[in-house]
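Please keep the sequence and the 3D view open as you read.

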Amino acid sequence: MEPYPFAAHGKNQKGIGKLFYPYFGFMITRIAPTPSGFLHPGNIFNFLLNWHWARQHGGKVLLRIDDADVERKRPEYVDDIFRVLEWLDMDWDIGPTGPDDLDQNWSQQHRRSLYDDSLLELRNKSLVYACSCTRTQLASEPCHCQDKKLDLDTAGLAWRIPTRGEIILFTDRVIGEVKHYLPLQHSFVVRRKDGIAAYHLASLADDRHFGVTHIARGEDLLPSTAMQLHIDDLLDQHYLRGCGFWHHPLILGDQGNKLSKSAGDMGRSIRTYIKKEQLLASFERWAGFDKKDRKEIFAL
Ligand SMILES: [Zn+2]
């Protein structure tokens with residue numbers, strides 16, 4: 001696995017390092033697990049789709065472990081990611097070789113300055129406000145903190161971007177033209193109360209940092225794509241605007257339930273309850289390998 005020289009040192013701020021990017025010109029997809037639970041079949045299908053998509057075009061695969069949330073990160077979940085990928089014979093070109101390499105060189109903790117740059121830019125453009133709402137308060141009414149003009153430097157406050165029903169337009173390779181409305185009189189968190197960059201902001205900064213060009217994700221994440229595109233636009237980076245998107249149908253459980261951490265997590269590694277051949281065969285059926293040519297399925 002070739003080392004990626006900039007990620008480890010956080011030198012790729014403001015995208016400058018991309019000029020030296022060793023995979024410039026390649027298609028780059030990513031598999032981005034969160035180590036807050038064991039991987040479930042839904043994760044695996046998504047990984048395989050991204051993997052095949054890149055490989056079909058001679059592209060590169062990035063393994064990005066989304067470990068910004070240190071509270072929920074557990075060593076057994078990190079370990080499971082590497083073991084499952086090895087079990088499935090899935091390789092990757094950019095990313096950590098194992099748990100130690102992750103901690104030393106690839107953890108999102110090393111890219112906090114990158115996320116802080118984006119947060120600072122949003123702040124300088126007066127696009128964020130501070131919010132003191134508790135989870136309980138937010139359960140009963142929306143956040144009205146924007147009117148309070150709380151000091152952004154106060155510790156323990158979240159930073160939010162207000163939304164006003166903005167229309168986000170983008171193209172999905174299967175769905176076609178997508179017109180997504182951000183919520184009216186709403187807001188979303190870009191910096192959590194503990195000062196950690198929220199998922200959307202970190203994910204966007206990372207995709208830009210590593211030069212990801214194509215993103216396949218579950219269709220339940222379509223609103224996430226819209227929000228990330230919105231942040232991208234606000235930052236005037238328009239990085240994601242150049243990316244290819246593929247929102248695939250969700251992989252459902254036997255009862256038609258969504259396989260997620262709550263519904264699909266058996267509390268142990270997938271390796272212990274599904275045969276690899278069975279998992280790969282059901283992926284191939286789901287992806288349509290039995291009906292169509294791979295070239296057709298993964299066409300750009
Ligand atoms: Zn609030």
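The axes of H6 and helix H7 (residues 222–234) come within 9 Å and cross at roughly 70°; here axes are lines fitted to C-alpha atoms, for helices over the stretch in contact, and angles run from 0 to 180 degrees between N-to-C directions. That makes H6 roughly perpendicular to H7, given that angles of 65 to 115 degrees count as roughly perpendicular, those under 35 as roughly parallel, those over 145 as roughly antiparallel and the rest as oblique. H6 passes H7 in a right-handed crossing, a crossing being right-handed if the near helix is turned clockwise from the far one by less than a right angle, and left-handed if anticlockwise. On the H6 side, His200, Leu201, Ser203 and Leu204 meet Ser224, Met227, Gln228, Ile231 and Asp232 of H7. Contact means that the C-beta atoms of two residues, placed from the backbone, lie within 7 Å. The helices (H or I, at least four residues) and strands (E, at least two) are DSSP runs, numbered from the N terminus.

A word on the ground rules: this is a predicted model, in which local features need pLDDT of at least 70 and side-chain atom pairs count only at pLDDT 80 or more, while totals for chains, interfaces and linings use all residues. Residues are numbered from 1 along each chain as its sequence is written.

Stay with H6 for a moment. How many of the twelve residues of H6 are buried? Eleven of them are, so H6 is largely enclosed by the rest of the structure. A residue is buried if 20 or more other C-beta atoms lie within 10 Å of its own, exposed if 12 or fewer, and partly exposed in between, with C-beta atoms placed from the backbone. Among the buried residues of H6 are Asp206, Asp207, Arg208 and Phe210. The partners against which the buried residues of H6 pack are strand E1 (28–31), strand E2 (60–63), H4, E7 and H7. After H6 comes glycine 211, with a positive phi near 70°.

H4 is the next stop. The axes of H4 and H6 come within 9 Å and cross at roughly 115°. That makes H4 roughly perpendicular to H6, and the crossing of the two is right-handed. Leu114, Tyr115, Ser118 and Leu119 of H4 make the contact with Leu201, Ala202, Ala205 and His209 of H6.

Helix H4 (residues 112–124) has 13 residues and reaches 18 Å from its first C-alpha to its last, close to the 18 Å expected. Which residues of H4 are buried? They are Leu114, Tyr115, Ser118 and Leu119. Seen down the axis of H4, these buried residues fall within an arc of 140°, so they line one face of the helix; the arc is that of the directions from the helix axis to the C-beta atoms. Ser113, Leu120 and Asn124 are exposed on the other side of H4. Besides H6 (199–210), the buried residues of H4 pack against strand E4 (158–163) and strand E7 (186–191).

Now look at the loop between H7 and E9, where leucine 235 is found. Leucine 235 touches Ser118, Glu121 and Leu122, not counting residues up to four places away in sequence. The C-alpha atoms of leucine 235 and leucine 122 are separated by 6.7 Å, although the two are 113 residues apart along the chain. With 19 other C-beta atoms within 10 Å, leucine 235 is partly exposed. Aspartate 236 lies in this loop too, between H7 and strand E9 (244–248). Most residues other than glycine have a negative phi. Aspartate 236 has a positive phi, near 60°, and counts as exposed with 8 C-beta neighbours inside 10 Å.

Finally, take in the whole protein chain. Its secondary structure comes to ten helices and nine strands, and 35% of its 300 residues count as buried. Of the contacts with a separation of 6 or more, 75% are between residues 24 or more positions apart.

Notes: Expected span 1.5 Å × (residues − 1).
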